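Biologist: Please bring up the model, and I shall ask questions as we go.

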Amino acid sequence: MYMRYFSRLMSAMAGPRPVVFSGPSGAGKSTLLKKLMKEFNSVFGFSVSHTTRNPRPGEENGKDYHYVTREVMQKGIDDGDFIESAVFSGNMYGTSKAAVQAVQAQNLICILDIDMQGVINIKKRTDLNPIYISIQPPSMAVLENRLRNRKTETEESLQKRLNAAQVEMEFSKAPGTFDVLVINDNLEEAYVHLKHALLEEINMVKNVNMSS
Ligand SMILES: Nc1ncnc2c1ncn2[C@@H]1O[C@H](COP(=O)(O)OP(=O)(O)OP(=O)(O)O)[C@@H](O)[C@H]1O
Ligand SMILES: Nc1nc2c(ncn2[C@@H]2O[C@H](COP(=O)(O)O)[C@@H](O)[C@H]2O)c(=O)[nH]1
């Protein structure tokens, strides 16, 4: 009893554990994390990544991504400003130290939306100690449909994303890679599964923030 209380107190003092969302492009990571952030807006904060890809209609600089040139991104990487970075489907993506710190400074659970290379690099090279969540589609056929219906890709970039998805889906099967695996078939069911998996962390942040 005392040990449990003590370990909870220690983790509350260290700040909440970040949460990594990964999984194939089109699996529904953004859809699910946006739902979570809407319901628990005083609990979660999004780590805004940098990317060299062009903004999609409706996306906002500084909110969805920091949209930068390859030169700016490469300089940031060379200067050690990023905790991880990767090339995905021909574009550069990366999580800056500042993006994570901005969320952690508010004592919120920091959400990272990153690809498989990011997961590997965070595990190898950081002491971030996040909860790793894999969002998976029910099948490749459903994934392809969702990506096509999203209408954000050219045929070429769609094929690149589908190829990467095969690898990401295999990667997620390796035992111990992810703490939670969510199959996003029915959106509401997937959301309930996700929320349930994070309930303890959510309540911990709520309690700490209420008492401060
Ligand atoms: N359970 C679901 N049922 C039907 N459509 C869904 C479901 N979840 C997400 N979608 C739709 O599928 C598309 C892809 O979802 P989303 O953009 O959230 O994927 P993602 O994993 O964030 O992709 P990316 O990695 O490319 O950013 C979107 O158009 C979204 O509205
Ligand atoms: N390793 C990283 N991957 C990232 C980061 N930000 C986003 N991503 C991943 O890229 C793909 C494509 O994203 P999209 O917005 O162009 O559809 C997707 O799998 C994201 O999870 C990052 O900072 N690092």
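Biologist: Which residue in E7 stands opposite Val19?

Modeller: Ile111 is the residue opposite Val19. This is a predicted model, in which local features need pLDDT of at least 70 and side-chain atom pairs count only at pLDDT 80 or more, while totals for chains, interfaces and linings use all residues. Residues are numbered from 1 along each chain as its sequence is written, chains are lettered from A and ligands are numbered from 1 in the order in which they are written.

Biologist: How many bridges join E1 to E7, and do the strands run parallel or antiparallel?

Modeller: Strand E1 (residues 19–22) and strand E7 (residues 109–113) run parallel and are joined by 3 bridges. Two strands pair if DSSP finds at least two bridges between them. The names come from DSSP runs numbered from the N terminus: helices are H or I runs of at least four residues, and strands are E runs of at least two.

Biologist: What is the strand order of the 5-stranded open sheet?

Modeller: The order is E2-E7-E1-E8-E9, with parallel pairing. Strand E2 (44–46) and strand E9 (180–183) are at the edges with a single partner strand each, so one side of each has no neighbour in the sheet. On average, neighbouring strands of this sheet are turned by 25° against each other, direction ignored.

Biologist: Which strands does H2 lie across?

Modeller: H2 lies across E1, E2, E7 and strand E8 (131–136), and runs at about 165° to E7. Such angles run from 0 to 180 degrees between N-to-C directions, with axes as lines fitted to C-alpha atoms, for helices over the stretch in contact. Two residues are in contact if their C-beta atoms, placed from the backbone, lie within 7 Å.

Biologist: Turning to the 4-stranded open sheet, what is its order?

Modeller: The order is E4-E3-E6-E5, and the pairing is mixed. Strand E4 (65–67) and E5 are the edge strands, each pairing on one side only. Strand E3 (residues 49–51) runs parallel to E4, with 3 bridges between them, and His50 stands opposite His66 in E4.

Biologist: And how do E5 and E6 run?

Modeller: Strand E5 (residues 82–88) and strand E6 (residues 91–96) run antiparallel, joined by 6 bridges. They form a hairpin with 2 residues between them, and Ser89 in the turn has a positive phi of about 50°. Ala86 stands opposite Tyr93 in E6. Helix H5 (residues 116–125) lies across E5 and E6, at about 150° to E5.

Biologist: Which residues are closest to ligand 2?

Modeller: The closest of the 15 residues around ligand 2 are Ser49, Ala86, Tyr93, Ile114 and Gly118. A residue is near a molecule or strand if its C-beta atom, placed from the backbone, lies within 6 Å of it. E5, E6 and H5 each give two or more residues to this shell.

Biologist: How does that shell divide by class?

Modeller: The shell around ligand 2 has 4 nonpolar, 6 polar and 5 charged residues. Here Ala, Val, Leu, Ile, Met, Phe, Trp, Tyr, Cys and Pro count as nonpolar, Asp, Glu, Lys and Arg as charged, and the others, Gly among them, as polar.

Biologist: Which residues come nearest to ligand 1?

Modeller: Ser25, Gly28, Ser30, Thr31 and Leu187 come nearest, out of 13 residues around ligand 1. Helix H2 (29–39), helix H6 (140–150) and helix H8 (187–210) each give two or more residues to that shell. By class, the shell around ligand 1 holds 3 nonpolar, 7 polar and 3 charged residues.

Biologist: Is Val205 buried or exposed?

Modeller: Val205 is buried, because 21 other C-beta atoms lie within 10 Å. The cut-off for buried is 20 or more other C-beta atoms within 10 Å of a residue's own, exposed means 12 or fewer, and partly exposed is in between, with C-beta atoms placed from the backbone. Val205 is in helix H8 and touches Pro16, Val43, Leu108 and Ile109, leaving aside residues up to four places away in sequence.

Biologist: And Val87, buried or exposed?

Modeller: Val87, in strand E5, is exposed, because it has 12 other C-beta atoms within 10 Å.

Biologist: Lastly, how many helices and strands does the chain have?

Modeller: The chain has 8 helices and 9 strands. Its radius of gyration is 17 Å, close to the 17 Å of the globule rule for 212 residues, so the chain is as compact as a globular protein of that length. That radius is taken over C-alpha atoms, and the rule is 2.2 Å times the number of residues to the power 0.38. Buried residues make up 33% of the 212 residues.
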